[in-house]
Each structure stands twice: as C-alpha cells, then as structure tokens.
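Please consider the sequence and the three-dimensional structure shown here. The paragraphs below them are meant to be read with both in view.

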Amino acid sequence: RSWPEFRSHVWASSAPPGLEQALATAIEVLEQRWPALATQGPANAWIVKPGAQSKGSGIVCMQSLPEILHHCKTVTNRIVQKYVERPLLLFSGRKFDVRQWV
C-alpha cells in the first residue's frame, strides 16, 4: 500500500508555542492535588492477601478492579493494598515499613 494520506504530512520540529508551559502547569496541579504521585508507577499493581494467619500463603497480585472484586467474591476475608512501585528507600537502598497496632 502506498499510504497517500501520509505523504503530505509534515512533522513539526518543535512543540507549539505555550504547550510546554501548559504541561508544566498541569503537572504542578497534579502534584499538589495528589501528593503520592511520585510513588505511582505504570503497572497499577495491587496485592490481595488473606485477612488472617496466612503466613505468606495465598498472596496474589492483581491489576484491575473487576479482577480484585471477582477474587474477593469467591474468597472472603481479604486485605487489598496498593503496591508502591517506587517506594521511599533508606540511604542503603533498602525498603522499610512502619507498623502500628491500635
């Protein structure tokens, strides 16, 4: 196929005026409204695990709400938590957690 509809197209060598500033402003607004933005990644990973005495068994990772809801309907007493893809690390590059029992 010769693709005639693309023959006359010319790609711009730079962004239209004002676009970069508009993008920077939009990102700034997102960061103000969503402080945890830096911890999010592209995978949208969620951890689903048993609610009691699992000792590491029965833990699964999921990516969509319908998938999580279906799993929680078939198996009750589940804990669902967001997987932090870019966690805050200690100076040695190790992950840590803070647990508080109330």
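The structure is a predicted model. Two helices and three strands make up the secondary structure of the protein, and read from the N terminus these elements follow the order α-β-β-α-β.

The overall dimensions come next. The protein has a radius of gyration of 22 Å, whereas a compact globule of 102 residues would have one near 13 Å. The C-alpha trace extends over about 65 × 40 × 25 Å along its principal axes. Burial is described by a further figure: of the 102 residues in the protein, 9% are buried. As for the contacts with a sequence separation of 6 or more, 51% of them involve residues 24 or more positions apart.

The surface and the charges may be taken together. The protein has an accessible surface of about 9300 Å², and carbon and sulfur atoms account for 60% of that area. Among the side chains, 12 are positive and 7 are negative, and the centres of these two sets are 13 Å apart.

How many disulfides does the structure hold? The number is zero. Cys61 takes part in no disulfide, and the nearest cysteine sulfur, which belongs to Cys72, is 13 Å away. Cys72 is likewise in no disulfide, its nearest cysteine sulfur being that of Cys61 at 13 Å.

Is His71 buried or exposed? His71 counts as buried because its relative accessibility is 18%, and the cut-off for burial is under 20%. His71 belongs to helix α2, which covers residues 65–74. Which residues does His71 touch, when those up to four places away in sequence are not counted? They are Val48, Val60, Met62 and Arg78.

Terms used
Residues are numbered from 1 along each chain as its sequence is written. This is a predicted model: local features need pLDDT of at least 70, side-chain atom pairs count only at pLDDT 80 or more; totals for chains, interfaces and linings use all residues. Side-chain values use heavy atoms; hydrogens and water are left out. Helices (H or I, at least four residues) and strands (E, at least two) are DSSP runs, numbered from the N terminus. The radius of gyration is taken over C-alpha atoms; the globule rule is 2.2 Å times the number of residues to the power 0.38. Buried means under 20% relative accessible area, exposed over 50%, partly exposed in between (1.4 Å probe, protein chains only). Contact means heavy atoms within 4.5 Å. Accessible areas come from the Shrake-Rupley method with a 1.4 Å probe; for residues, only the protein chains shown count as cover. Lys and Arg count as positive and Asp and Glu as negative; His and the chain ends are not counted. The place of a charge is taken as NZ of Lys, CZ of Arg, CG of Asp or CD of Glu. A disulfide is a pair of cysteine sulfur atoms within 2.5 Å.
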